[in-house]
Amino acid sequence: MAVFGKRNAGAGAGVLDAPGDNYAQAEWTTPEPAPAGMLQRGRVDDSDGGYWPSGQEVDEPYRPKRDSMRYKLLGVPKTIGGRIILGTGALLVVGAVLGSVLAVRAMLLHDPRFLIATSSEIQIVGNQHLTRAQVLSVFGSDLERNIFKVPLVERRADLERLPWVQHATVMRLLPNTVRVAVTEREPVAFVRQGTQIGLADAEGVLLDMPQDVAGDPKYSFPVLTGLTAEDPLSVRAARMEVYRKFMAELDGGGTKRSQAISEVDVSNPEDVKALIASGSTDILVHFGDEDFLARYQMFEQNLPVWKTQYPKLASVDTRYDHQVVLEMDKGTPVPVSESASQQGSELASQQGNEAAPVKADDAMKTPVKAPVKAVAKSKAKKTAGKAEVSKKKIDAMLAAARRPKASNGVRQ
């Protein structure tokens with residue numbers, strides 16, 4: 001039995017002395033943290049506050065191996081002499097490859113098999129109006145030249161400057177053939193500029209008249225005015241869009257109403273004017289910028305009545321609602337019916353006796369619009385760009401334009 005103290009002689013019975021000094025006080029220590037990765041590779045034994053791998057002793061702390069992350073060059077000599085030999089061999093291989101490339105290049109550029117000796121080595125496809133001589137004029141400097149020295153991009157750009165060429169493709173066919181494929185422009189109208197007649201495509205590009213137009217049914221469209229070479233291409237393209245809309249509405253549903261039109265004026269896009277054949281004469285009709293088909297049908301239905309009342313009818317303006325303005329040839333008196341005499345005197349006082357209104361009767365009413373009132377004038381209005389060429393004159397100009405020319409050109 002352990003004795004914790006002894007009795008004090010001077011003290012009362014039962015009082016024990018303080019505990020002896022030999023009682024050891026427990027000391028608590030905090031173990032050091034385990035090295036990285038120790039817990040994944042071993043177990044922890046806290047009996048002695050230490051860490052060690054399971055089943056074996058650890059002499060030193062664990063250190064991760066970083067050498068495995070480095071790339072090692074295989075086959076590289078470690079000695080300076082070996083590296084010099086390896087570098088020399090690599091330079092010899094690169095030099096041999098470069099020399100082979102230069103030798104092949106020299107052979108291709110100087111071998112006579114790759115020489116474009118004559119123009120027969122230039123193939124041309126897709127040309128209908130463009131002559132072979134016009135295409136070969138682009139490749140004149142390439143004859144007796146190596147095929148690999150022909151600048152294909154430049155030649156394509158030169159071809160697209162020629163008449164009728166909208167797009168071109170140039171390619172090499174070994175050993176010594178150049179193939180040219182062209183897409184020609186498609187004309188949609190004759191163009192009158194002064195006394196000259198040419199053609200225009202849908203983008204407003206002006207073309208000279210080819211020699212094979214006569215008798216070709218593809219060229220059965222009217223003469224177009226209002227396009228000039230001085231106008232920017234964007235302006236011409238916008239006017240051509242108005243012209244195409246006008247022609248599409250008139251020929252909608254498979255009808256061929258545009259065949260009666262000999263000339264279209266688009267100089268003012270807000271007022272499309274057309275010369276329409278009527279017997280031996282042409283009548284100028286103002287269509288405005290909308291409702292082209294409805295206004296044409298109204299004109300077509302009322303024309304017989306107007307021609308009966310006004311044999312010298314020269315122009316019809318259909319831009320106004322519920323009435324049209326009829327214009328006679330210059331100097332032609334306007335006949336006035338008795339039923340319109342009272343209304344005519346009132347309008348004559350307002351317009352200086354230059355015009356007399358003619359009340360439209362039932363025969364002049366059109367199902368396309370409300371009843372139309374025709375107002376006849378004795379003097380034709382002067383409008384900018386008004387066509388003054390008859391059908392016979394246009395035919396004569398077309399015949400003159402179809403005569404053989406020295407060369408054809410295109411104006412951008």
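**Around Asp-271**

Trainee: Which residues is Asp-271 in contact with, leaving aside its neighbours within four places in sequence?
Mentor: Contact means heavy atoms within 4.5 Å. On that basis, Asp-271 touches Asp-265, His-286, Phe-287, Gly-288 and Arg-319, leaving aside neighbours within four places in sequence. Before we go on: this is a predicted model, where local features need pLDDT of at least 70, side-chain atom pairs count only at pLDDT 80 or more, and totals for chains, interfaces and linings use all residues. Residues are numbered from 1 along each chain as its sequence is written, and side-chain values use heavy atoms, with hydrogens and water left out.

Trainee: Is Asp-271 buried or exposed?
Mentor: Buried means under 20% relative accessible area, exposed over 50%, and partly exposed in between (1.4 Å probe, protein chains only). Asp-271 counts as buried because its relative accessibility is 4%.

Trainee: What does the side chain of Asp-271 reach?
Mentor: A polar contact is a pair of N or O atoms within 3.5 Å; within protein, one must be able to donate a hydrogen and the other to accept it, and residues adjacent in sequence count only if both atoms are side-chain atoms. Here the Asp-271 side chain reaches the backbone nitrogen of Gly-288 at 3.3 Å.

Trainee: Now the cores. Which residues touch the most other members of the largest nonpolar core?
Mentor: A nonpolar core is a set of buried Ala, Val, Leu, Ile, Met, Phe, Trp, Tyr and Cys residues joined through side-chain atoms within 4.5 Å. The largest has 43 residues, and Phe-190, Tyr-243, Phe-246, Val-264 and Leu-313 touch the most other members. A second, separate core of 19 residues includes Ile-122, Leu-130, Leu-159 and Val-182.

Trainee: And how far apart are Asn-127 and Val-182 in space?
Mentor: C-alpha to C-alpha, Asn-127 and Val-182 are 6.2 Å apart, though 55 residues separate them in sequence. Setting aside neighbours within four places in sequence, Asn-127 is in contact with Arg-132, Val-182 and Glu-184. The Asn-127 side chain also reaches the backbone oxygen of Leu-130, at 2.9 Å.

Trainee: Is Asn-127 buried, partly exposed or exposed?
Mentor: Asn-127 has a relative accessible area of 25%, so Asn-127 is partly exposed. By contrast, Val-93 is exposed, because its relative accessible area is 52%.

Trainee: How much of the whole chain counts as buried?
Mentor: Of its 412 residues, 34%.
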